[in-house]
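Colleague: I am new to this structure and would like to learn how to read it. Please show me.

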Amino acid sequence: MKAVYTRPKSLRDVKMHYCPGCGHSIIHKLLAFAIDELGIREKTIIIAPVGCSVLIYDYIDCDGTEAAHGRAPAVATGLKRTMPDKIVVSYQGDGDLAAIGTTETLHAANRGENITVIFVNNAIYGMTGGQMAPTTLVGQKTTTTPTGRNPELVGLPLKMCEIINQLEAPYYIERVSVHDVKNVNRARKAIKKALDYQNKGLGYSFVEVLSMCPTNWGVNPVVAAQWVGETMADYYKIGVFRDRGLQQGVK
Amino acid sequence: MSEATVKKERVLMKGNEALCEGAIIAGCRYYFGYPITPQNEVPAYMSRRLPEIGGVFLQAESELAAINMVWGASCSGKRVMTSSSSPGISLMQEGISYLAGGELPAVIVNMVRGGPGLGNIAPAQSDYFQATRGGGHGDYYTIVLAPSTVQELANIMIDAFDLADIYRTPVVVLGDGVLGQMMEPLVLPEPSTRKIPEKDWIIDGAKGREPRIIKSLRLNPQPALEEHNLKLRAKYEKIMATEVRYEEYMIDDAEIIIVAFGTASRVVRSVVNQLRAENKRVGLFRPITLWPFPYDRLKELSEKTDVKVFFDVEMNLGQMVEDVKLGVNGNKKVLFYGRTAGMIPEEDVLIKKILEVY
C-alpha cells in the first residue's frame, strides 16, 4: 500500500503538551518537514522561547537551547556568529517577539543576521493564562483587557511584518496562517523557503504565522480557526512582504 | 629559540586594553558588549583587534542583548566575553543567572562605577554585594576575581577563562574605573597550561549523535530543579574548597591586619609601607577571589595572638566587611573605613585611624 502521509523524521514520536486546537503542534510539524526536506537536521539548532513553546526541544529532534524572554534573536546572533555554517531557528511567540523582545527582534533583522525567525502570532499570552499581547486585536477580551483592548489606553496591535519590512537588510518576510488546509500548505512552503535561504547564506528571514489559542480565547478549536481566518487575517494581511530570492531568481 | 623562551618585553597599557590582550591570549575570539563608561576602551580595542585574528566583535543593541549573545556564543563551546560597568551589569543579571543555571562558561568584566542608579562614572567597589551573592535571581554564585594592578588584570583573564571552562560557570572580573583607566607597565601573560575538560555538552547540530539541549528550565518531574541546584551547589563547594586566592603582605608579625581588595588595596599597601617605616606591625590581607571568599584563612589569622584588630577598607560604605566579620568570627574586632561614590580612601585618614587603635 502506498503511504500518503508519514510523520516527518525530525519530529519526535511523543505526545505534545499543547491544548486541543493549538497551532503550535502544526507549526512544529511544518518546521520538521522543512528540516527533513532540506536535509539539515544534523546542523540545525532550535532556540526555544519563553512561553508555551519552550518545550519545542522535546518535539523537534535537533540540538536546542533556550532564550530568556524576548532574547532569542540575541541568542541566535551569538550562535550564528560563532557557527556560521549551522542553521539557527528562533521560534517565538507574540509577547516574546513584539513586546519584551522588540529591540532584539528589530536589531537582529536590521543587521541581516543569517537566521530564521518563526513568529507565532496568536494575539494573546498563552502560558501565563491569557493576558493582552502586543498583537491582541482592538476589542479583544483578555484577562488584562476585561472589557476589550482599548487603543486609547494601550495603543493599536503591532504589525510586525510591516514594521520589519521598513528595514533594508531582511531577505524574506512573509505572513502565513495555519487555520485551514490551504493556509497550512502555504505556511509549510514559507517555512521551508526561509530555511532554504538561510542554508544558502542569503540572509535574515521572518515568517509570521497566525495561529489559534482556543483555550485562552475561550472558544472551541473550530471557532478559533474561523476567528483566525475571518478576524485576525483581516487585520494581519496574509502574504509575502518581501522575497529577494524570488526577485533574484534563487532556485 | 622557541617562542616561549623569548623574553617578553614590558609594555605600557591601560587596564581596559591589557585585559583584552589577556583575553585574547586566553583564546577568547568573541566579544559582545554595549558602551558604558568607564570601560569603553574594551569594546574599542576589541573592535579593532578581534577581526585581525579571525574573531568577532559585535556591538549589541543593549546589555540585555549582549549577555544573551554571550549565551548563544557559549553554546558553541568557544571562549566568549562581555564587559560593562555597574548599571549595565545590573541589566545583565538576568542573563548571568541563566548562564549559571544553564552551566555555560563566560567571562564578564565589570569596571565598577559609583551608584546607586546612574550614580557617576568614577571608580567604586559598591557592586561587591551584587557580584558575590550571585547578582541575579535564583540559587547560584559566580566566581569573582578582583585584580589590583594592570599586570594582574591581564593575567587574571587567563585564569578567568580557565575557571569558566573547568566549572562551566560564568566568571566575573571585578575592577573599577581606576584599574580600567590607568596605564601601568606589564609583561603580557603566557597562555594557560591548565587542562580543560572536553566540552561534550556543546550544541553544534546533532551530527552523528543524539541531540543536546542547553537550558535552565527544569519543570518536571519534581524535584528536577532542586536536583539541579544541588548539583550546582556541589560544584560551588568544590570551587570554595579549591579556588580561593588571596595575597598577604607584611602579615607574619602584624598586629593590625588591613583587609582590602582591588584599587583600595593599593592605598592600603602604601599605608602599610609608611607605617612599617615607623616600625608599626601592620599588614595587608588582599582577597583576590571575592567569591569564593578566603574565610578560612581570615579565621586562622584571627586566632593568632599577635593580631589585635582587623581593619576593612573599601571604596563603598561597608560590603566586604560582612565577609571579613564572618571569617574573623568574633575572634577579634573588625573596624571599617570606606569612601563611596567615586571617592578614594585617603592614606592619612587611614593612618590616623590605625594609630588610634594601635
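Modeller: We will go through a helix pair, a sheet and a single helix.
Modeller: This is a predicted model, in which local features need pLDDT of at least 70 and side-chain atom pairs count only at pLDDT 80 or more, while totals for chains, interfaces and linings use all residues. Residues are numbered from 1 along each chain as its sequence is written, and chains are lettered from A and ligands numbered from 1 in the order in which they are written.

Colleague: How do I read two packed helices?

Modeller: They are described by the angle between their axes and the distance between the axes. Here the axes of helix 2 (residues 72-82) and helix 4 (residues 102-111) of chain A come within 7 Å and cross at roughly 40°. Axes are lines fitted to C-alpha atoms, for helices over the stretch in contact, and angles run from 0 to 180 degrees between N-to-C directions. Helices (H or I, at least four residues) and strands (E, at least two) are DSSP runs, numbered from the N terminus.

Colleague: And which strands are the edge strands of the sheet in chain B?

Modeller: Strands pair if DSSP finds at least two bridges between them. The open sheet of 5 strands in chain B has the order 10-12-11-14-15, with mixed pairing. Its edge strands are strand 10 (246-249) and strand 15 (333-338), each pairing on one side only. Strand 10 of chain B runs antiparallel to strand 12 (residues 282-287) of chain B, joined by 4 bridges. B:Glu247 has B:Arg286 as its bridge partner in strand 12 of chain B.

Colleague: Which residues of helix 10 of chain B are buried?

Modeller: In an α-helix there are 3.6 residues a turn, so residues three or four places apart point the same way. In helix 10 (residues 295-302) of chain B, the buried residues (20 or more other C-beta atoms within 10 Å of their own, C-beta atoms being placed from the backbone) are B:Leu298, B:Leu301 and B:Ser302. They lie on the same side of helix 10 of chain B because they cover an arc of only 100° around the axis, taken from the directions from the helix axis to the C-beta atoms.

Definitions and conventions. A residue is buried if 20 or more other C-beta atoms lie within 10 Å of its own, exposed if 12 or fewer, and partly exposed in between; C-beta atoms are placed from the backbone.
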